Amino acid sequence: MKQLESPVVIAASVTLAAVIFAGVFFWRQKKKQTFFYSERSLEEIEVPSKWTKVGEVSDLVIYPLKGAQKKHLEEAQFTERGLREMQSNKISLQDRGFVVFTEDNQFINVKKNIKLLLVDTEAVDEARVRFSFPDSEDLIVKLPIDKSTLNKIGFDFKQTVETLDCGDEAATWFSQRLLNQQTGLRLGCFIKSLVNQRIVKDGLVEEYSKYYKKLHGDYLGAYSDIASYMLMGEESLKDLNNRLAKPVSHINFRPNILVKGSPAFSEDCWDWIKIGDNVFRGFKYCTRCIVTTINPDTAEKDPKFEPLMTLRKYRQVKEDDIRKLENNSPVMGLYAGLHQIGSGVVRIGDPIYVNAD
């Protein structure tokens with residue numbers, strides 16, 4: 001006759017089974033709730049073979065210091081981290097290649113200090129850059145040559161990014177001009193060989209990648225908000241200005257590439273974009289904030305909060321989940337990343353294509 005198992009053994013078996021079941025159940029539930037961002041290399045993503053012309057380049061603009069004055073270019077170089085000047089005997093300034101941050105390592109933009117908008121930047125030679133401010137002596141900064149001043153700062157979308165501290169003289173100059181005091185601010189810069197690139201799995205950017213599926217780590221800029229490039233159409237601006245009592249410039253929206261000849265707001269839907277033999281991927285609406293209501297040349301705020309108020313009336317994100325993510329911010333322009341670099345050169349008048357397949 002088969003010997004019966006003892007009550008202790010039976011109880012132990014039941015308990016073990018319950019533990020295993022519970023563990024599997026909660027693992028499955030967690031797996032359902034957790035978003036795992038996985039990133040393919042750009043080479044693994046197939047590039048279209050058929051293209052159709054949608055317009056041409058009508059302006060190229062960089063903003064060397066994040067939040068500060070613009071520079072219009074006749075020709076420029078495409079890089080992974082943004083548009084860059086082409087100069088033979090001077091530093092080639094890059095879009096958003098400099099950033100001002102506080103002594104407790106938090107970045108500064110126009111929303112935090114409007115006077116930042118009045119700072120101008122230009123290259124002096126192969127090693128130095130000049131910063132200027134109205135009615136003030138200029139600052140000349142020699143760029144760092146190694147990682148000895150590497151720092152980490154809090155950035156947009158709750159990211160942490162690296163920057164090279166440009167020294168105490170620059171810190172004093174920016175503190176005096178922007179804060180009217182001797183200390184408080186510092187200047188950082190991006191040098192590709194010394195600063196690690198931003199990643200998607202950091203801060204809220206990974207959350208955004210749930211909704212913007214084409215977002216990729218190689219599309220993030222140096223110190224731009226979330227993308228290395230922003231494109232906008234002339235007709236989109238014209239459509240908006242026709243609704244305003246006082247027209248605004250495209251510089252209110254700070255694009256890198258202004259497009260001539262495309263229908264108003266057609267850029268919203270552009271997926272693959274080709275300029276010369278350089279291929280871009282459009283991946284996110286460019287949603288707009290209060291900075292668009294500030295005159296880019298005088299730093300004066302529009303008393304009626306235009307053009308933002310008008311944009312909010314007719315340029316809302318259509319997808320409910322994305323609209324909630326963007327806090328009902330209206331759309332003007334398209335964020336894009338450099339997916340495949342060819343010659344790396346772009347000039348005013350170059351044709352712009354989008355995928356036709």
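Two strands are taken to pair if DSSP finds at least two bridges between them. In the predicted model described here, strand E13 (residues 229-233) and strand E14 (residues 257-260) meet this criterion, pairing in the parallel sense over three bridges. Within this pairing, Met232 stands opposite Leu258 in E14.

The protein chain has 357 residues, of which 50% are buried. Its secondary structure comprises six helices and 19 strands. Of the contacts between residues at least 6 apart in sequence, 72% join residues at least 24 apart.

Tyr229 stands opposite Ala336 in E17, and Met230 stands opposite Tyr335 in E17. Five of the five residues of E13 are buried, so the strand is largely enclosed by the rest of the structure. Both of its faces are covered: Tyr229, Leu231 and Gly233 are buried on one side, and Met230 and Met232 are buried on the other.Strand E17 spans residues 331-340, and because nine of these ten residues are buried, this strand too is largely enclosed by the rest of the structure. A further partner of E17 is strand E16 (residues 278-287), and the two pair in the antiparallel sense over seven bridges. Phe280 stands opposite Leu338 in E17.

The largest pocket has a volume of about 890 Å³. It is lined by 36 residues, and those closest to its centre are Lys111, Asp225, Thr287, Cys289 and Tyr335. Tyr335 is the residue of E17 that stands opposite Met230. E13 and E16 each supply at least two residues of the lining of the largest pocket; E16 gives the most, with three residues. By residue class, this lining divides into 15 nonpolar, ten polar and eleven charged residues.

The second largest pocket holds about 630 Å³ of space. Its lining consists of 27 residues, among which Thr79, Arg84, Gln94, Phe190 and Lys192 lie nearest its centre. E17 contributes three residues, the largest share of this lining. The residues lining the second largest pocket comprise 14 nonpolar, six polar and seven charged.

Rolling a probe the size of a water molecule over the atoms shows where empty space is left. The structure holds one cavity of 30 Å³ or more. About 40 Å³ of space lies in the largest cavity, and its lining is formed by Leu117, Ile251, Asn252, Arg254, Val291, Ile294 and Pro296. Five of these lining residues are nonpolar, one is polar and one is charged.

Methods: Residues are numbered from 1 along each chain as its sequence is written. This is a predicted model: local features need pLDDT of at least 70, side-chain atom pairs count only at pLDDT 80 or more; totals for chains, interfaces and linings use all residues. Side-chain values use heavy atoms; hydrogens and water are left out. On a 1 Å grid over the protein atoms alone, a cavity is a set of points where a 1.4 Å probe fits but cannot get out, and a pocket is an open set with protein on both sides within 12 Å along at least five of seven lines; lining residues have an atom within 4 Å of a point. Grid points are joined across faces, edges and corners, and a volume is the space filled by probe spheres set on the points. Ala, Val, Leu, Ile, Met, Phe, Trp, Tyr, Cys and Pro count as nonpolar, Asp, Glu, Lys and Arg as charged, and the others, Gly among them, as polar. Buried means under 20% relative accessible area, exposed over 50%, partly exposed in between (1.4 Å probe, protein chains only). Helices (H or I, at least four residues) and strands (E, at least two) are DSSP runs, numbered from the N terminus. Contact means heavy atoms within 4.5 Å.
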